[in-house]
Amino acid sequence: MNFSSVAQNSLQEKYDGIIESTETYEQYKVIPRTTIDDFWMEVSDTLKLNKGVINDLQIKRQDQEAFIKKLEADILNLQSNLDSSLNQNDSINFVGISFSKVGYHLMVWLIIAVLAAFGVIAYLMFARSNRVTSRVKKDHDELIAEFDAHKDKAREAQVKLKRELQTALNTINERR
């Protein structure tokens, strides 16, 4: 129960008291002027007091509205700071370009996959070239061996031929 309801009850009680304590003339109540003046003074004091309370409450309400607006502005500022922080936290600068973390991870894995593919291709090309080189070396070695064998046979045949020629020359020289 607040002050205005207490004052209201007090005024009601006073009014009821005035009505009961006054005389009735025909259908009218006869109230002395001083009693009405006193009652009016109490009513006007109560009204002034209530107006003061209303003014205080309005000032308090305005202060609270200003405080609420300040808090709402603070909330908006904090929300924008949070959004900025989340955006900054969710992005990565790479070569001067801002990427989202997901985009950055995709790009990195794409680069790794491309480099791995180049590595596999280079290895396969090396292995193929190595096989070809080994085969060519083997063929070359076989050809060299064949050539040496042929050379040896040709030299032996030449030596044999020279011996036969020398023998034939020696036989001719002896017959002469």
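Biologist: Which residues of helix H2 are buried, and what makes a residue count as buried?

Modeller: In this predicted model, the buried residues of H2 are Phe 39, Val 43, Ser 44, Thr 46 and Asn 50, and they carry that label because buried means a relative accessible area under 20%.

Biologist: Why is Tyr 15 called partly exposed?

Modeller: Its relative accessibility is 40%, and since buried requires a value under 20% and exposed a value over 50%, the term for what lies in between applies, so Tyr 15 counts as partly exposed.

Biologist: How many aromatic pairs does the structure hold, and why is the pair of Tyr 15 and Phe 39 called tilted?

Modeller: The structure holds one aromatic pair. The ring centres of Tyr 15 and Phe 39 are 6.2 Å apart, which is within the 6.5 Å limit, so the rings pair; their planes make an angle of 40 degrees, and because stacked needs under 30 degrees and edge-to-face over 60, the pair is tilted.

Biologist: What does this pair tie together?

Modeller: Tyr 15 lies in helix H1 (residues 3–21) and Phe 39 in helix H2, so the pair ties together parts that are 24 residues apart in sequence.

Biologist: How do you know that strands S3 and S4 pair?

Modeller: Pairing needs at least two bridges, and four join S3 (residues 91–94) to S4 (residues 97–100), so these antiparallel strands count as paired. Asn 93 stands opposite Ser 98, while Ile 92 stands opposite Phe 99.

How values were computed
Residues numbered from 1 in each chain as written. Predicted model: local features only at pLDDT ≥ 70, side-chain atom pairs only at ≥ 80, totals over all residues. Heavy atoms only, no water. Buried < 20%, exposed > 50% of the residue type's maximum accessible area, 1.4 Å probe, protein only. Phe/Tyr/Trp six-rings, centres within 6.5 Å; stacked < 30°, edge-to-face > 60°.
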